[in-house]
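Please consult the display as each point is raised.

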Amino acid sequence: MKFKVSREELLKPLQLVVGVVERRQTLPVLANVLVVLEGDKLSLTGTDLEVEIVARIQLTQMGESGETTVPARKFVDICRSLPEGAEILITEEDDKVTLKTGSSRFVLSTLPSSNFPNVEQGAGQLQFDCPPLLVKQLIDNTSFAMAQQDVRYYLNGMLWEVQSGHLRCVATDGHRLAMCTKPLDTSVDGTVQVVVPRKGILELSRLLSDEDVTTVAIAMGDKHLQVATEGFTFTSKLVDGKFPDYERVLPRGGDNILFADRQALRQAFSRVAILSNEKYRGVRLTVADGTMVLVANNPEQDEAEEQVAVDYTGDSLEIGFNIGYLLDVTNVLTSDNIKVTFVDSNTSALVEAPEGGDATYVIMPMRL
């Protein structure tokens, strides 16, 4: 294998691929990137057996075809350290890969490409195209509510649900729930649901941030989700578990409704959070006509109190929340105002944009 590539052409796709490679591996080859050259088409593949990313590069001139695997971190660190505009000559010979540019020369040990695992593809039961921005917005509006290391493993990921006319993403850690729905030009019989693991969601969000494309092709299978553009193919295994019925946790019939300026609320939440208990993060909200009072305490006997002007209709209410959950929601909503619907002091609150936006949030109360 032998080819020439500029530092800029190689570095960005290589960084995307290396992001999925774990530092500690059970198999040595999983610490490597698979490099495959076919004429003037170069592909780079990284995987941790759960998530796989393949990046494709169109070279400006033909090379000598071949394939091998090289240490991922060393490869990307070398490319990153080279000067801008550097042309890199990469050759593979005798189980070694040599990178040459200017007066620099690096030799890396390789492992056989035959040892590199392929993510097995199941049959795609549903395929559709959609704008990458739509998927990115769905992820950004909900991913913060995913659990991190919950024993209920199906919560350590995100539900993707496709029905005729829309794509919906739902995430919950058992204490709060985030749901976002976007219109989608697709027809499907009934409902198709898959649960994508946390790492896959975070990597896909990173990929979509860096891709300048107008459409992505999505394939949902029994065991895998695949998202493809001209520049990359992302494949993630699915979580084998049933996601809870999120419709059941949406509070119904609340007639205590609050409207407030989102930025004013967010700033008040941020200030009160400074003196909240570092472990429990609990804050007491007292809502009455025209005013919301926020109070936070901690074991050091510190106290913070904030008053925010609100438009509130309903009974006077005192309720406790984790201030971090409230901040997360006010950070991802983009509307000028915010609508909060309370049922009573012991029932979850429903938070959304007042003009009927596409995202809905449910936050469970805390006992203070």
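**Helix packing and cavities**

Q: Is the crossing of H3 and H4 left-handed or right-handed?
A: The crossing of H3 and H4 is left-handed (the near helix is turned anticlockwise from the far one by less than a right angle; clockwise would be right-handed). Helices here are DSSP runs of H or I with at least four residues, and strands are E runs of at least two, numbered from the N terminus. The model is predicted: local features need pLDDT of at least 70 and side-chain atom pairs pLDDT 80 or more, while totals for chains, interfaces and linings use all residues. Residues are numbered from 1 along each chain as its sequence is written, and side-chain values use heavy atoms, without hydrogens and water.

Q: At what angle do H3 and H4 pack, and how far apart are their axes?
A: Two packed helices are described by the angle between their axes and the distance between the axes. Helix H3 (residues 132-142) packs on helix H4 (residues 198-210) at about 140°, the axes being 10 Å apart (axes are lines fitted to C-alpha atoms over the stretch in contact; angles run from 0 to 180 degrees between N-to-C directions).

Q: Which residues make the contact of H3 with H4?
A: H3 contributes Pro132, Val135, Lys136, Ile139 and Asp140, and H4 contributes Ile201, Leu204, Ser205, Leu208 and Ser209 (contact means heavy atoms within 4.5 Å). By class, there are six nonpolar, two polar and two charged residues (Ala, Val, Leu, Ile, Met, Phe, Trp, Tyr, Cys and Pro are nonpolar; Asp, Glu, Lys and Arg charged; the others, Gly among them, polar).

Q: How do helix H1 and H4 cross?
A: The axes of H1 (residues 7-18) and H4 come within 10 Å and cross at roughly 165°, which makes H1 roughly antiparallel to H4. This crossing is left-handed. Lys12, Gln15 and Leu16 of H1 touch Glu203, Arg206, Leu207 and Asp210 of H4, a contact with two nonpolar, one polar and four charged residues.

Q: At what angle do H5 and H6 pack?
A: H5 and H6 pack at about 150° with axes 10 Å apart, and are therefore roughly antiparallel to each other. H5 passes H6 in a left-handed crossing. Arg262, Arg266, Phe269, Ser270 and Ala273 in H5 meet Ile323, Leu326, Leu327, Thr330 and Asn331 in H6. That contact divides into five nonpolar, three polar and two charged residues.

Q: How many cavities does a search of the whole structure find?
A: Rolling a probe the size of a water molecule over the atoms shows where empty space is left. The search finds two cavities of 30 Å³ or more (sets of points on a 1 Å grid over the protein atoms alone where a 1.4 Å probe fits but cannot get out; lining residues have an atom within 4 Å of a point).

Q: Which residues line the second largest cavity?
A: Met1, Phe3, Val35, Thr68, Val70, Phe75, Ile90 and Val97 line the second largest cavity, whose volume is about 40 Å³. Seven of them are nonpolar, one is polar and none is charged.

Technical notes:
On a 1 Å grid over the protein atoms alone, a cavity is a set of points where a 1.4 Å probe fits but cannot get out, and a pocket is an open set with protein on both sides within 12 Å along at least five of seven lines; lining residues have an atom within 4 Å of a point. Grid points are joined across faces, edges and corners, and a volume is the space filled by probe spheres set on the points. Angles under 35 degrees count as roughly parallel, over 145 as roughly antiparallel, 65 to 115 as roughly perpendicular and the rest as oblique.
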